[in-house]
Amino acid sequence: MNSTLLTTIGLAAVTLLAVRRHIRRVERGASAARPSRPKSCPRCKAPLPPDAEKCTRCGVPLQLFELVLAPVAAAEAENVDGPPRALIRSDLCVGCGACVSACPEPGALTMSGKLAVVDPARCKGHGECVTACPMGAINIGRGSATNRVVVPKVDGNFETSVPGLYIVGELGGRALIKNAVNEGRVAAEHIVRVATRRRNESGDAAGVADIAIVGSGPSGLSAGLVAHKAGIEYLLLEQGTLAETVRKYPRHKILFAEPLTMPLYGDLWVSDASKESLLSIWEGVIQRTGLRVQTGKHVRQITRERDWFVLTTGEDRYRARAVVLALGRRGTPRRLEVPGEDLPTVFYDIAEMSDFAGRRVLVVGGGDSAIESAIGLANQAGTTVTLSYRGEAFTRLKDRNRERLNAAVAARRLTVLLNSNVREIRRDVAVVDAAGTTRIVPCDDVIVRIGGEPATAMLEQLGVRMVTKVLAPPEAPGPVGTGDAA
């Protein structure tokens, strides 16, 4: 009897110790995912009060450094004990709601504004949301599992592990226009501060700019305006046109909840603006400030030579002591090279599926990204989707995407045109050659998903250090229409 009692007590003690150890692991994982409020400004190192929203010395919003300050994932494996649960990447979620519809647990997944949010108490980890998400923004974890993202390692000035090379905007992991503008400004202001020292170190060689900015999106324009105002030698290189840069924004409407402050220009108010309106604003900023943007300059290679960088664009070569990469995360999308591709209704990516609700959309491509886009669009209320692919069959798809595509076609939510090539895009139709027959496909928008040149290849060639960051779980945003939607 005594031995049985002792055995029971021993087992209970062991169980209690195991439970306590598990709880501590989960708490450590959760605390690691939560961004700690910095005690000093990551940029100027000024001490900060506990409740500071921006630096009291340099005025930069501290929210800008959330990804910079996010902890690097530990090398050891995460604890996988505990029930399964869904983890959502808020930076990838496009608000299509496909996961909510697919989830068999009422209330486990809900839409808060344009962001899907998980209720851990109700989530059972079935995984239906993972396969339903057209953007790959959801995965299933256990125990202390956290969302992780691979990004370039940058400091408080957005300078990488390669001295003199800065990464801002979407390529650095943050895609909001407001953040991109502020990141470009912070990076360029640091380059201005150290420009004299770099000139002295490298020698005041002729034909070497103080800064070369690659990309004329919001972060590139912001960095260029800082350099222009400071009077240092700068290059602002854009592979296409300014209009093309704005047209690549995947949203129909651009919305800011607060004024956007552009260096040298001042505050901009953008409320429910079309991309055409935003283009007019950007052109007005350039005209008023005299900012020099060189278009048609596709930077294909960047190398280090002595104390400066060499940027190669076809037959042209430029030299600069510092480089700011203000590129999109996905690099240069491959184009169809057909008449009408420059229309504002042609997109190379999708940020919010709901923007296309009730519209006629033609998706071009035959890979997983094209299929996922087409299926996500087909889930929107009133959206008519046609998928055009040049091949005879889809040969490169994940099994789950193939099943979802077949189900959508069977339900007549999606029309597939195989052996087809887009010949021309017009305002409300596309001319498609389908198996030797010319077809007129009614469409309000065209989504081109046929691959491209990833920007990460350039980072690898330059030797930029990449790190895996642990992201905090997404919090429900404020009411719809109050956030920075670009």
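What percentage of the 486 residues of the protein count as buried? It's 49%, where buried means under 20% relative accessible area with a 1.4 Å probe, protein chains only. Before you click on, keep in mind that this is a predicted model, where local features need pLDDT of at least 70, side-chain atom pairs count only at pLDDT 80 or more, and totals for chains, interfaces and linings use all residues. Residues are numbered from 1 along each chain as its sequence is written, and side-chain values use heavy atoms, leaving out hydrogens and water.

Now colour by secondary structure: you'll find eleven helices and 28 strands. These are DSSP runs numbered from the N terminus (helices: H or I, at least four residues; strands: E, at least two).

Next, select Phe158, Ile211, Leu221, Met262, Trp282, Leu291 and Val324. Of the 38 residues in the largest nonpolar core, these touch the most other members. Such a core is a set of buried Ala, Val, Leu, Ile, Met, Phe, Trp, Tyr and Cys residues joined through side-chain atoms within 4.5 Å.

Last stop: helix 9 (residues 368–378). Ten of its eleven residues are buried, so the helix is largely enclosed by the rest of the structure. Show its neighbours too: the buried residues of helix 9 pack against elements including strand 20 (360–364) and helix 10 (399–410), with contact meaning heavy atoms within 4.5 Å.

Technical notes:
Buried means under 20% relative accessible area, exposed over 50%, partly exposed in between (1.4 Å probe, protein chains only).
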